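Please look over the sequence and the structure shown here before reading on. The text then goes through them part by part.

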Amino acid sequence: MSASIEIERVSQLFPTREGGASWALRDVSLSVAAGEFVCLIGPSGCGKTTLLHLVAGFLSPTAGTVRVGGRPVGKPGPDRGVVFQEYALFAWMTARQNIEFGLRMLGVGRAERHARAAEALDRVGLARAADRYPHELSGGMRQRVAVARALVNRPQVLLMDEPFAAVDAMTRATLQADLLALWRESGVSVMFVTHNIDEAVYLAQRVVVMGAHPGTVRSELVLDAPCPRDRGSAAFAGWYADVGRRLEDGVEVVA
Amino acid sequence: MSGRDDAWVREAEVDFLARHRRRQRVAWVSRLLLNVVGVCAFLGLWEAIPRVVPDLNTTLFPPPSAVWEAFGPMLLSGEITQHIAVSLRRAGLGFAIATVLGITAGLLTARVTVFHHLSEPLLHGFRSIPVIALVPISVLWLGIGEGAKVALVACGAFFPIWIATFIGVRDVHVVYLRSAACLGAGRLATMLWVVLPAALPLILAGLRQALAVSLIVLVAAELAGATAGVAYMMSMGHQLFRVDVMFIGLLLLGALGFLADRLFVALVKRLFPWYATTH
């Protein structure tokens, strides 16, 4: 498989309040294959969100290169869809208008826009809620609209920054299962940031474990089991424990 | 069994909704009634004072009945409507100019760093000057014509709109800007479809404040010299020792300010359903 995201020896420094410099990321390399589902997991301060922002183009790296589809990342663009933790839907637009926004920016004609938005809403099971404003939707529904809004542009990669962290556990499980179905249908590469081990083991083909201070990639774990996975299985429990141990190892290095 | 259950459920719903609607109607009617009672009590008290207080000069403190007697002929002759029309035109024009300039200035200073830094000290210096202090200069420069009054109102209304827009635009949540960027929106599209609507709650608050300021400046400008207008009418009443006419002016200003504010709120509710329901 060809690489979709290539991160090569990337470092990111931020100025601290005391006048020093802190390493959000130090010498990080990572690549995501086309159509692959990768979860980034790690303690707070490990730079997982920074890494995602670099791929999205919200930041440019202090050192190193980030390429998507072979081209260096500059500004944010519609080839990289992003789903944020929350509050990212435009409050002044209905669900349908939110989804159509990206198509409008790309200059897609009215008829095709309507058709594609309707299809996207249908795929996330929200055809009935098309004309509701975000404040009239539940947290889970809002994140479904956010996913639909990102996918309707048919991006090459989907970047997700703890998208289900703010919804309740039962809704989260449904959202995860539905996300997997959408991922398989669309063939998009997914880079998914989480701090939840269960989520990473349930979703990912590959889990990248990161450590903090400085932010680095500690280890990677390939989970070659078909989705959806049975949370009650022995294999699932084994992976869960494995990722947990790797995270603890990372913390020990810091302490 | 299930058929009977359905009937029971329907009946309970119909009954509940009927009672709910009745309760709402009672609440609405009683509110309206109390509003009217409040106004009547005020007018009654006002009417009673000259009759109860001994030696009160009703020329200086005319009761509502006297004010009404003066109001009737002025309304029928068209004098009042003319004053109102002139004042509304000045306030409306000034407010409209201030809205366009204020929002543009707010957008530019909040989104373009050079403009922000250039205007920073000037903005804070100018906005602390009460616009009423400019009235004498404006009379010297522009005379007492329409232009002077419109310019004064525009000046007064401009600053609240500029500042509110500036703060609203500056504080737009970064996630909105990032969302727009990764959905392919350029600078202009982001401004129009994302930044402006996101800042709208604050811009509207600024506009509402500017509406009130417009009325204040209008009165000051008309009192400084005019040939028509509600405040001009009051100043004539002053010179002719007609307190009843001055009272008519006060009541008109109160009514105009109140109606303008209500109209504004209704307009906002209609134009921005997502805003009206969340705030």
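The model is predicted. In chain A, strand S1 (residues 3-15) runs antiparallel to strand S2 (residues 21-33), and 9 bridges join the two. A:Pro15 has A:Ala21 of S2(A) as its bridge partner. The hairpin formed by S1(A) and S2(A) has 5 residues between the strands, and A:Gly19 takes a positive phi near 95° there. S1(A) is also joined to strand S4 (residues 63-68) of chain A, again antiparallel, by 5 bridges. In that pairing, A:Ser11 stands opposite A:Ala63 of S4(A).

Chain A also holds an open sheet of 6 strands with mixed pairing, in the order S6-S7-S8-S3-S9-S10. Its edge strands are S6 and S10 (216-222) of chain A, each of which pairs on one side only. From one strand to the next, the twist averages 20°. At the S6 end, S6(A) and S7(A) are parallel, with 4 bridges between them. A:Val83 has A:Met160 of S7(A) as its bridge partner. Helix H4 of chain A packs on this sheet, where it touches S6 and S7 of chain A, and its direction makes about 170° with that of S6(A).

H4(A) covers residues 139-151, which is 13 residues. From first C-alpha to last it reaches 19 Å, close to the 18 Å expected at 1.5 Å a residue. Is this helix largely enclosed or largely open, and why? Of its 13 residues, 11 are buried, so H4(A) is largely enclosed by the rest of the structure.

The largest nonpolar core has 137 residues. The members that touch the most others are A:Val38, A:Cys39, A:Val55, A:Met191, A:Val207 and B:Val153. Helix H8 (residues 187-223) of chain B gives the most to this core, 18 residues.

Leaving out residues up to four places away in sequence, A:Met191 touches A:Ile5, A:Val32, A:Val38, A:Leu40, A:Leu52, A:Val55, A:Val157 and A:Leu159. A:Val207 lies in strand S9 (residues 206-211) of chain A, one of the strands of the open sheet. Why does A:Val207 count as buried? It has 24 other C-beta atoms within 10 Å, and the cut-off for a buried residue is 20 or more. The C-alpha atom of A:Val207 is 6.1 Å from that of A:Leu40, although the two residues are 167 residues apart along the chain. With the same exclusion of sequence neighbours up to four places away, the contacts of A:Val207 include A:Cys39, A:Ile41, A:Val201, A:Leu221 and A:Val243, and also the charged residue A:Glu220.

The last part is the contact between the chains. Here, 15 residues of chain B are in contact with 22 residues of chain A. On the chain B side, helix H7 (174-182), H8 and helix H11 (273-278) each supply at least two residues. H7(B) gives the largest share, 6 residues. By class, this side of chain B has 10 nonpolar, 4 polar and 1 charged residues.

Notes:
Residues numbered from 1 in each chain as written. Chains lettered and ligands numbered in written order. Predicted model: local features only at pLDDT ≥ 70, side-chain atom pairs only at ≥ 80, totals over all residues. Expected span 1.5 Å × (residues − 1). Buried ≥ 20, exposed ≤ 12 C-beta atoms within 10 Å, placed from the backbone. Core = buried A, V, L, I, M, F, W, Y, C linked by C-beta atoms within 7 Å. Contact = placed C-beta atoms within 7 Å. Pairing = 2+ DSSP bridges. Axes fitted to C-alpha atoms, helices over the stretch in contact; angles between N-to-C directions.
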